[in-house]
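The structure is shown below.

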Amino acid sequence: MGWFSWPSEAEGGTVSAMTINRGVLLGFIPSGDSQVVLRSGQFKGEVKFRVNEIQCPRHAIGVFDKNDANDSSKLDEECNWGNYARGALYALQSKGNHLFQGIIGYMRGSEGLDSSGLSSSAAVGVAYLLALESANNLVVSPDENIEYDRLIENEYLGLRNGILDQSAILLSSHGCLLCMNCKTKEHKLITSPELQKDQKVELQKTYKILLAFSGLKHALTKSPGYNRRVSECQEAAKVLLNASGIGQVEPLLSNVELEAYQAHKSKLEPNLAKRAEHYFSESLRVIKGLEAWASGKLEDFGMLITASGLSSIKNYECGSEQLIQLYEVLVKAPGVFGARFSGAGFRGCCIALVDAKHATEAASFVKREYKKLQPEFASQLNQDTAVLICEAGDSARVI
């Protein structure tokens, strides 16, 4: 779950995230032969394939044309849930791993979690990787699995995202904030001091994390807007790098110095200027956010989260009407320090950091007020789980 992420992760910038105590669970046993057999608690049908089958990418990574947005014939159907398991096999095969045994497995989310917009694709991909590796006695490091999950999403499925989600899932530690440089892959865990050392009250006991669902479901692999914004950031980087006289450098905003951006941003057309402004302002929020977390200043950290959410709307121009309204409700909820979209805002969930003493009150407020604004979408949600109160979690593992 990224507190400060898009588009920094796709552009090689520095990001921060943490895990929660909700996620996906994959129960599995080795199949005893080459066959993989999977069922899901969320989706219908049974997935079957063999680990000795050669998997080929389902999509070529490319730029979506703007005219494709409303032409469903030019886009794949919502990604079949079994493709993430096939993608895990593809990633392992592409790095020369020999798999001799499949798995028989059942995938489901934590109680009350419908996975809409919650890094669920990365969590599912990591789960299949860990299961296949376990069944085949493969010893794989977290850093290698971060790369394997990137191959699932970028190469196999054609989604041009970064590595924040899988990094948080594989590298997190309970209650810590993960900080990662997406260009160098260097990372560190930021811990918070005890809020009141004399009373031994830890910071993590003073906050909760709210997950508020909108009722809107949308697959990222169907969204041309998601990939298009990555391309727009790259276009902005090209202009800025050329203006700086270093056009031969890879067109990533992380390769543009802040001084160069400030000197040449007037050369950007309005649309690209917004994307660049979001990137550079988000980079500053990461730095300030890490300082606030390390100092135990939840109010300051929360204000930065909210500012990130607002910039996502105004400068990165993502988020549906439903998600924007849900974000605005969360910001006004009692005890909420800060709120934003989960991820890039093309799916159905918002997150918030909230004072633990007001978490229940805030959850009730959000459900009530969102229902007034979006009765149709709110009616599609189970009101008992429309807003979940969560805590910080730990990294993924095989139990």
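## Lining of the second largest cavity

Helix α10 supplies the largest share of the lining of the second largest cavity, namely three residues. Both α10 (359-373) and strand β9 (207-213) contribute at least two residues each to this lining. The lining residues are A212, F213, L326, V366, K367, Y370, A378, L381, Q383, A386 and V387. By class, nine of the lining residues are nonpolar, one is polar and one is charged.

The volume of this second largest cavity is about 50 Å³. In the predicted model, two cavities of 30 Å³ or more are counted.

## Packing of α7 and α8

Helix α7 (residues 270-294) packs with helix α8 (residues 298-314) at an angle of about 170 degrees, and their axes are 9 Å apart. Angles over 145 degrees count as roughly antiparallel, and α7 and α8 are therefore roughly antiparallel to each other.

On the α7 side, the contact is formed by K274, H278, S281, E282, R285, K288, G289, A292 and W293. On the α8 side, the residues are L298, D300, F301, L304, A307, S308, S311, S312 and K314. The contact of α7 with α8 comprises six nonpolar, six polar and six charged residues.

## Packing of α8 and α9

Helix α8 also packs with helix α9 (residues 321-332), at an angle of about 160 degrees and with the axes 11 Å apart. The two helices, α8 and α9, are therefore roughly antiparallel to each other. The crossing of α8 and α9 is left-handed.

In this contact, T306, G309, L310 and I313 of α8 meet I324, Y327 and V331 of α9. The contact of α8 with α9 includes five nonpolar and two polar residues, and no charged ones.

## Crossing of α1 and α3

The axes of helix α1 (residues 83-94) and helix α3 (residues 142-156) come within 8 Å and cross at roughly 115 degrees. The range from 65 to 115 degrees counts as roughly perpendicular, and α1 and α3 are therefore roughly perpendicular to each other. Their crossing, that of α1 and α3, is right-handed.

From α1, the contact involves N83, Y84, R86, G87, A88, Y90, A91, L92 and S94. From α3, the contact involves Y148, L151, I152, E153, E155 and Y156. The residues of the contact of α1 with α3 comprise nine nonpolar, three polar and three charged.

Definitions and conventions:
Residues are numbered from 1 along each chain as its sequence is written. This is a predicted model: local features need pLDDT of at least 70, side-chain atom pairs count only at pLDDT 80 or more; totals for chains, interfaces and linings use all residues. Side-chain values use heavy atoms; hydrogens and water are left out. Axes are lines fitted to C-alpha atoms, for helices over the stretch in contact, and angles run from 0 to 180 degrees between N-to-C directions. Helices (H or I, at least four residues) and strands (E, at least two) are DSSP runs, numbered from the N terminus. Angles under 35 degrees count as roughly parallel, over 145 as roughly antiparallel, 65 to 115 as roughly perpendicular and the rest as oblique. A crossing is left-handed if the near helix is turned anticlockwise from the far one by less than a right angle, and right-handed if clockwise. Contact means heavy atoms within 4.5 Å. Ala, Val, Leu, Ile, Met, Phe, Trp, Tyr, Cys and Pro count as nonpolar, Asp, Glu, Lys and Arg as charged, and the others, Gly among them, as polar. On a 1 Å grid over the protein atoms alone, a cavity is a set of points where a 1.4 Å probe fits but cannot get out, and a pocket is an open set with protein on both sides within 12 Å along at least five of seven lines; lining residues have an atom within 4 Å of a point. Grid points are joined across faces, edges and corners, and a volume is the space filled by probe spheres set on the points.
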